[in-house]
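Q: I would like to learn how to read the local features of a protein model. Could we go through them one at a time?

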Amino acid sequence: FSGHYDVISAVKNRWESDPLPLTGKNGYLYGRGATDNKGPILAVACAAADMLARRALGVDLVLLIEGEEEAGSGGFVETVKRHKVRRASCDVCCVF
C-alpha cells in the first residue's frame with residue numbers, strides 16, 4: 001500500500017479560522033488536510049496490526065508512506081530503488 005499524508009498550504013483569507021489546526025464549529029470539524037490520506041493510512045495500518053497479532057495476515061505486507069507528495073516527492077524514486085532488494089516480488093499494489 002502506498003499513500004501520502006502531507007498537505008499543501010492554504011489561502012488563509014478563504015478560511016474563517018486558521019486552516020491547518022483542526023477546529024470545531026457547529027458540530028463539524030474543519031482543518032486543511034485533516035484527513036487527506038491520514039485516515040486510510042491509519043485504517044490499513046491498524047487492520048494489518050490486528051491481523052498480524054492474530055496471525056491471520058497470510059501475506060507479506062509493505063506500507064510505503066511518504067510525506068512529500070504535495071511537494072513533488074523528491075527522493076521517492078531513489079528511495080524505492082535503493083530498498084528494492086529488501087522486498088520480494090509484488091502481487092498487488094494499492095496507491096491511495
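**Reading the features**

A: R54 is exposed, at a relative accessible area of 53%. Keep in mind throughout that this is a predicted model.

Q: Which residue does the side chain of R54 meet in a salt bridge?

A: A salt bridge is called when a side-chain nitrogen of Lys or Arg lies within 4 Å of a carboxyl oxygen of Asp or Glu. Here the partner of R54 is D50, with 2.9 Å from N to O. D50 is partly exposed, its relative accessible area being 41%.

Q: How many salt bridges does this rule give?

A: The count is 2. Besides the bridge of D50 and R54, the side chains of E16 and K25 meet at 2.2 Å, N to O. E16 is exposed, with 72% relative accessibility, whereas K25 is partly exposed at 38%.

Q: How does the length of helix α1 compare with the span expected at 1.5 Å a residue?

A: The expected span is 1.5 Å times one less than the number of residues. Helix α1 covers residues 38-53, which is 16 residues. From first C-alpha to last, α1 reaches 22 Å, close to the expected 22 Å.

Q: Which residues of α1 are buried?

A: I41, V44 and A48 are buried in α1. Viewed down the helix axis, the buried residues of α1 fall within an arc of 70 degrees, so they line one face. L42 and A53 are exposed residues on the face of α1 turned away from the buried side.

Q: What is the phi of S73?

A: For S73, phi is near 55 degrees, again a positive value in a residue other than glycine. S73 lies in the loop between β4 and α2.

Q: Is S73 buried or exposed?

A: Buried means under 20% relative accessible area. S73 has 19%, so S73 counts as buried. Leaving aside neighbours within four places in sequence, S73 is in contact with E66 and E68.

Q: Where is G67 found?

A: G67 is in the loop between β4 (64-66) and α2 (76-82). G67 is partly exposed, with a relative accessible area of 30%.

Q: Which residues does G67 touch, not counting those up to four places away in sequence?

A: G67 touches Y5 and D6. G67 and D6 are 61 residues apart in sequence, while their C-alpha atoms are 4.9 Å apart.

Q: Which residues form the nonpolar patch on the surface?

A: To read a patch, look for nonpolar side chains joined within 5 Å, in residues with over 30% relative accessible area. Here Y5, V59, L61, L63 and I65 form such a patch. Together they have about 420 Å² of accessible area. One of them, V59, is found in the loop between α1 and β4. V59 is exposed, with 53% relative accessibility. Y5, also one of the patch residues, is touched by G67.

Conventions. Residues are numbered from 1 along each chain as its sequence is written. This is a predicted model: local features need pLDDT of at least 70, side-chain atom pairs count only at pLDDT 80 or more; totals for chains, interfaces and linings use all residues. Side-chain values use heavy atoms; hydrogens and water are left out. Helices (H or I, at least four residues) and strands (E, at least two) are DSSP runs, numbered from the N terminus. Buried means under 20% relative accessible area, exposed over 50%, partly exposed in between (1.4 Å probe, protein chains only). Contact means heavy atoms within 4.5 Å. The arc is that of the directions from the helix axis to the C-beta atoms. Patches are made of residues with over 30% relative accessible area and no salt bridge: like charges are joined within 9 Å, nonpolar side chains (Val, Leu, Ile, Met, Phe, Trp, Tyr) within 5 Å. Accessible areas come from the Shrake-Rupley method with a 1.4 Å probe; for residues, only the protein chains shown count as cover.
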